[in-house]
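Biologist: I am new to this structure and would like to understand the terms used for it. Could you take me through them with care, setting each value against its definition?

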Amino acid sequence: MVPSDDRVRRFNSTLSLEGIAASSGLAIGPARVLDTRRPGVVHRRIPKHGVQEEMARFDEAVAVASEELRLVADHVRAGAARAEASIVEAYILMVEDESLREDVERRVSIDRQCVEWALDTAVREMADTLARSKDPYLAERSHDFEFIGDRVLRILAGQRGTAVLPDLSEPAVVIAHDLSPAETAGMSREKVLAIVTEVGTRTSHTAILARALEIPAVVGVQDILSYVGSSEQLIVDGLSGRVVLAPTQDMIFEAMARAARHSAVTRGLRELRDMPAVTQCGVPIHLQANIELPGEANLVMLQGAEGIGLYRTEFMVVDPGAPPSEQEQYETYRSVLEAVAPLPVTLRTFDLGGDKFTSLFPASMDANPALGLRAIRLGLARPEMFLPQLRAMLRASAHGSLRILVPMVATLRELRAVRKLLETARREVAAAGHPQAEHVALGIMIEVPSAAVVADLFAAEADFFSIGTNDLVQYALAVDRTSRALATLASPFDPAVLRLIRMTVTAGDRHSRPVGVCGAMANDPLGAALLVGMGLRDLSMESSGIPQVKEALRRVSLAEAEELANRACACVTAEGVQQLIADALAPRFADLLGA
Ligand code: PEP
Ligand code: MG
């Protein structure tokens, strides 16, 4: 129940608010409200001769902000979420970014704005551009820019000191409008029972960090600050995304029982880490992890991943004006390969364009950006950007086991063009005297229906296939993957999608090409069991999903999964398939499906 118009709530009356489940687990405890609001911004015109002085204030504030963030990065590196120090390091780059300084300087010297005003406008414009992105990850980055702006504004207003970490004398649930990654990363599980924020999504850094720290979290709880007071008792349910204020005694007992059940399941799953991923009858299934940040590479190994099945490298492009250099990319790829060696890593080339970074790629003004100049189409149109990426990948191949994966391939012509560029990159790397692996497999994402339909043609020329069910569903069913209204239509269990998967598996088998799945279907215990029944043996997913999927597959025999898959492929609707699988497996997976 979310109250609509009546903002007045009597203290101690039970209220349940819905948000987004961001990090699993349940917590019961007192609230600690954090004031993370930004300081007010003065709008003052400065005289012509004041420009230099004003910019000196900016430079000094930026220097202080970087120094503070460096301290936070050191603190994070020494703590439980050390792999996430790269997030704080990215902040340091953002705050020191030359183009931000130029933007501020232009406003100060031409518009005669005081530095607070200039910075606030510059940051706001950047954040707005990002927030309009349909890509949830990029939209979320707008908060990062706002955070950086806030840090510098606070310093200009004379508020120094590292991130506003709560000083908790007793364990509490931290409630805030928003938390920066720096603030979240500094929290400890002993002191912070749970985190609740008014904004954020499952892919926000706060959510990623909360999962890394294993702190239950619910984000996107609109207006919770207007309902909750410090010390008020709460239940935070990071499984369902619900926050209950002033719960009754019965509710507390029920939540405690659920918390105990959840801890028992988590403990059990953790013990599974070193157990093999096999079906009940012993057939091995390779479970790998999808990552977006290089720092995640260490964490995925802790979840028992057998390597990285998908590294979405486009998330490295933080500054649309300047994609990372070949050297920066090489160092990043190398660090990821070394973190998981000798296990394999699949690096996907930039899946950019479409609705992402429109200022960098004006051609994505296409009427339908999802169908426009994006991903490999963009890579082939911009070899000056694509070749350095291929060279960086080849150079990294000397440091582990690497495969290259190409997104959004629709025609054989594209694969051939990529192969040609890869050969060029190989020659250039050799000419520059860098070592590289003798053979690097080149595979394609199967996410455009045309690629699945002619998978037999692709199988003759691609070294492997990775099925991206997220986009395959979008393109096969013509449903925008970001549309909430159409979410129920976008089912990977749709017969059309199952047929495309089956065609791909058949073509791969016939040509002895490995076929894997790296879309979200693999992350769902029911979806994973169906995929195994359809012949898949390589599944890649968000690392936190690996223990559940492993446990689920250990409870199903291959014969049973195959029989279920055959019956599923004969169903005529997505609902029919879902019902069939749920009837067969949901009771057995009840503890894993977050009962
Ligand atoms: C997919 O489309 O299924 C996929 C794994 O890629 P992304 O989600 O990055 O588009
Ligand atoms: Mg995709």
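Modeller: Let me begin with a definition: axes are lines fitted to C-alpha atoms, for helices over the stretch in contact, and angles run from 0 to 180 degrees between N-to-C directions. This is a predicted model, in which local features need pLDDT of at least 70 and side-chain atom pairs count only at pLDDT 80 or more, while totals for chains, interfaces and linings use all residues. Residues are numbered from 1 along each chain as its sequence is written, chains are lettered from A and ligands numbered from 1 in the order in which they are written, and side-chain values use heavy atoms, with hydrogens and water left out.

Biologist: Why is H3 called oblique to H4?

Modeller: The axes of helix H3 (residues 98–109) and H4 come within 9 Å and cross at roughly 130 degrees. That angle makes H3 oblique to H4, because angles under 35 degrees count as roughly parallel, over 145 as roughly antiparallel, 65 to 115 as roughly perpendicular and the rest as oblique. Both names refer to DSSP runs, numbered from the N terminus (helices are H or I, at least four residues; strands are E, at least two).

Biologist: Which residues of H3 and H4 meet, and of what class are they?

Modeller: Leu100, Asp103, Val104, Arg107 and Val108 of H3 meet Val115, Ala118, Leu119, Thr121, Ala122, Val123 and Glu125 of H4, where contact means heavy atoms within 4.5 Å. By class this contact has 8 nonpolar, 1 polar and 3 charged residues, given that Ala, Val, Leu, Ile, Met, Phe, Trp, Tyr, Cys and Pro count as nonpolar, Asp, Glu, Lys and Arg as charged, and the others, Gly among them, as polar.

Biologist: What makes H16 oblique to H17?

Modeller: The axes of helix H16 (residues 469–477) and helix H17 (residues 495–510) come within 10 Å and cross at roughly 120 degrees. That angle is what makes H16 oblique to H17. The contact is made by Thr469, Leu472, Val473, Ala476 and Leu477 of H16 together with Ala496, Val497, Leu500 and Ile501 of H17, and by class it has 8 nonpolar, 1 polar and no charged residues.

Biologist: Which residues of H16 are buried, and what covers them?

Modeller: The buried residues of H16 are Thr469, Asp471, Leu472, Val473, Gln474 and Tyr475, where buried means under 20% relative accessible area, exposed over 50% and partly exposed in between (1.4 Å probe, protein chains only). What covers them includes strand S13 (441–446), helix H14 (449–453), strand S14 (464–467), H17 and strand S15 (515–517).

Biologist: How do you know that Asp120 forms a salt bridge with Arg124?

Modeller: A salt bridge is a side-chain nitrogen of Lys or Arg within 4 Å of a carboxyl oxygen of Asp or Glu, and the closest N and O atoms of Asp120 and Arg124 are 3.3 Å apart, so the pair qualifies. Being 4 residues apart in helix H4 (residues 115–131), the two are separated by about one helical turn. Asp120 counts as buried at 7% relative accessibility, whereas Arg124, with a relative accessible area of 43%, is partly exposed.

Biologist: What makes Arg334 and Glu338 a salt bridge?

Modeller: Their side chains meet at 2.8 Å, N to O. Both residues lie in helix H10 (residues 326–340), 4 residues apart, about one turn of the helix. Arg334 is partly exposed at 29%, and Glu338 counts as partly exposed at 41%.

Biologist: How many salt bridges does a search of the whole structure find?

Modeller: The search finds 28 salt bridges.
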